[in-house]
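Subject: Structure handover and notes

Hello,

Here is the structure I said I would pass on. Please open it next to this email and keep it in view while you read.

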Amino acid sequence: MLRPLLSLLATVAATLAIGWIVDQALQRIAVRQPSAPVWPLLRRCRIPLQLAVVSALLLAAKPLQRIFHLKHDDGAQHLLLLFLLASLGWLTVRVVAAVLEALLSRYESRVDDPARVQRVRTQISMLRRAADALIVVVTVAVMLLTFSAMRTIGASLLASAGIIGIVAGIAAQSTLGNFFAGLQIAFGDTVRIGDTVVVDGQQGTVEEITLSYLVVRLWDYRRLIVPVSYFVNKPFENWTRRDPGLLAAVLLHLDHTTRVDELRTTLRARLDRHPLWDGGEWALDVTDTTPSTIVVRATMTARTPDDAARLRFDIREQLIAHLRDEHPHALPRLRTTDT
C-alpha cells in the first residue's frame, strides 16, 4: 500500500505544482507585456486546469488504479473520464472567454469612437455566448459517447435524424428565431450595449444582450426584458446608433406680448454658462400660435441622451424663472377685459 499512497501524494503535489507554475509564468509574462491583457485573464483558468490534470493523472497512474480499484470496465474509472472531459470543457470556456475579453480590451485601447467600441463589445458578447453554448453541447455529446449504450443506439438514431430534426425545428421555432435574431442584432449593428432606445414608448439604455432576450434599463432603474426577435420584427427608436449626441427641445406657452428676441438672447446666455451644452446647435423659434398664447420652442444639443434630458429640465426652469422675475406679463394670462 505504500507505493499507491506515495503515488497519490505525488499526484496531488504535481497538480498543485503545475497550477502554481502556470500561474507564476502567466504573471511574469503579464508583467513583461503590460499592453497584452490576455495573460492576466488566462490566470482564471487555474482551477479547471488543475482539475483536468488531476483527473488525467488518476486515470494514467497504475498504482492509483489499484488503490482505488479502477479497472478498465469499472464505473469509477468511467466517472473519472467524465470528470476529465467536463474539466477540459470548463477550461476551454475559460480560455475562449479570456481571449475574447483580451481582444475587446485591446480594441478599446486603440479606438476612440464610442459607437464602434459599443458595436464590437456587443458582437464579442454574442460570440462568447455562442461559443460557450457550442462548447457545452460538444462536451456533453462527447461525454454521452463514452457510454456503450449511446454508441449502440447511435446507428438507429441516424436513420430517424431527419424526422427528429423536423420535429425539433418546429418545436424550437421560437428559440431558433431568437437565436438568429440575436446574431443579426450583433452583426447588423442595429442596437448595441449602451445604446439609448425607445421600446413601446419607454426610454431606456441597453444593458445586456443575450441570444434570447435583451435587457433595457429604464430611467427609474426598472429592467425591461424584451425578446431579441422584437428588434428584428418591429420598429423601435435608437437615439445613439450613429452619434450619442441628441437635440433637446423645450416648449413654452407664452403670452402674445412676449419679447421673443430678448428671450432668445437670454437662452444663449444661459447655454453659454451651462456645463451640459456641447457648444453645438441652438435655436429659439415661435412654432405655433393659439387665440390666447404663442408656442415657443427652444432647442439645444448635448453630448448624450442623459445630458440632453438634464439640460432640457434646467433650461425650462431657468427660462420660466427669468420670465417670472423680469417679464411677468409674458406668462400666459386669461384676459377678461379689452385692456
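The notes below cover pockets and cavities, then the surface and backbone, then salt bridges.

This is a predicted model, in which local features need pLDDT of at least 70 and side-chain atom pairs count only at pLDDT 80 or more, while totals for chains, interfaces and linings use all residues. Residues are numbered from 1 along each chain as its sequence is written, and side-chain values use heavy atoms, with hydrogens and water left out.

Pockets and cavities

Rolling a probe the size of a water molecule over the atoms shows where empty space is left. The search runs on a 1 Å grid over the protein atoms alone. A cavity is a set of points where a 1.4 Å probe fits but cannot get out. A pocket is an open set with protein on both sides within 12 Å along at least five of seven lines. Lining residues have an atom within 4 Å of a point. Grid points are joined across faces, edges and corners, and a volume is the space filled by probe spheres set on the points.

The largest pocket has a volume of about 380 Å³. Its lining is made of 17 residues, and those nearest the centre are Gln-203, Trp-219, Pro-305, Asp-306 and Ala-309. Two or more lining residues come from each of strand E2 (202–209), strand E3 (213–218), strand E6 (246–254) and helix H12 (305–326). Helices (H or I, at least four residues) and strands (E, at least two) are DSSP runs, numbered from the N terminus. H12 gives the largest share of this lining, seven residues. By type, the lining of the largest pocket has nine nonpolar, four polar and four charged residues. Here Ala, Val, Leu, Ile, Met, Phe, Trp, Tyr, Cys and Pro count as nonpolar, Asp, Glu, Lys and Arg as charged, and the others, Gly among them, as polar.

There is one cavity of 30 Å³ or more in the structure. The largest cavity has a volume of about 50 Å³. Which residues line the largest cavity? They are Thr-258, Arg-259, Glu-262, Leu-263, His-322, Leu-323 and His-327. Helix H11 (260–273) and H12 each give at least two residues to this lining. The lining of the largest cavity splits into two nonpolar, three polar and two charged residues.

Surface and backbone

Val-136, Val-140, Leu-144 and Phe-147 make a nonpolar surface patch of about 310 Å². Patches are made of residues with over 30% relative accessible area and no salt bridge; like charges are joined within 9 Å, and nonpolar side chains (Val, Leu, Ile, Met, Phe, Trp, Tyr) within 5 Å. Accessible areas come from the Shrake-Rupley method with a 1.4 Å probe, and for residues only the protein chains shown count as cover. Leu-144 belongs to helix H6 (residues 114–145). Leu-144 counts as partly exposed because its relative accessibility is 37%. Buried means under 20% relative accessible area, exposed over 50%, and partly exposed in between (1.4 Å probe, protein chains only).

Asp-200 is not a glycine but has a positive phi of about 50°. Asp-200 sits in the loop between strand E1 (196–199) and E2, and at 63% relative accessibility it counts as exposed. Tyr-221, also not a glycine, has a positive phi of about 70°. Tyr-221 is in the loop between E3 and strand E4 (223–227), and it counts as exposed at 60%.

Salt bridges

A salt bridge is a side-chain nitrogen of Lys or Arg within 4 Å of a carboxyl oxygen of Asp or Glu. The structure holds 11 of them.

Arg-192 and Asp-195 form one, at 3.2 Å from N to O. Are these two partners buried or exposed? Arg-192 is buried, at 2% relative accessibility, and Asp-195 is buried, at 0%.

Glu-262 and Arg-259, both named above in the cavity lining, also form a salt bridge, at 3.8 Å from N to O. Glu-262 is partly exposed at 30%, whereas Arg-259 is exposed at 54%.

Asp-261 pairs with Arg-264, with the closest N and O atoms 3.0 Å apart. Both lie in helix H11, three residues apart, about one turn of the helix. Salt bridges that share partners also join Glu-207, Arg-217 and Arg-223 into one network.

Regards
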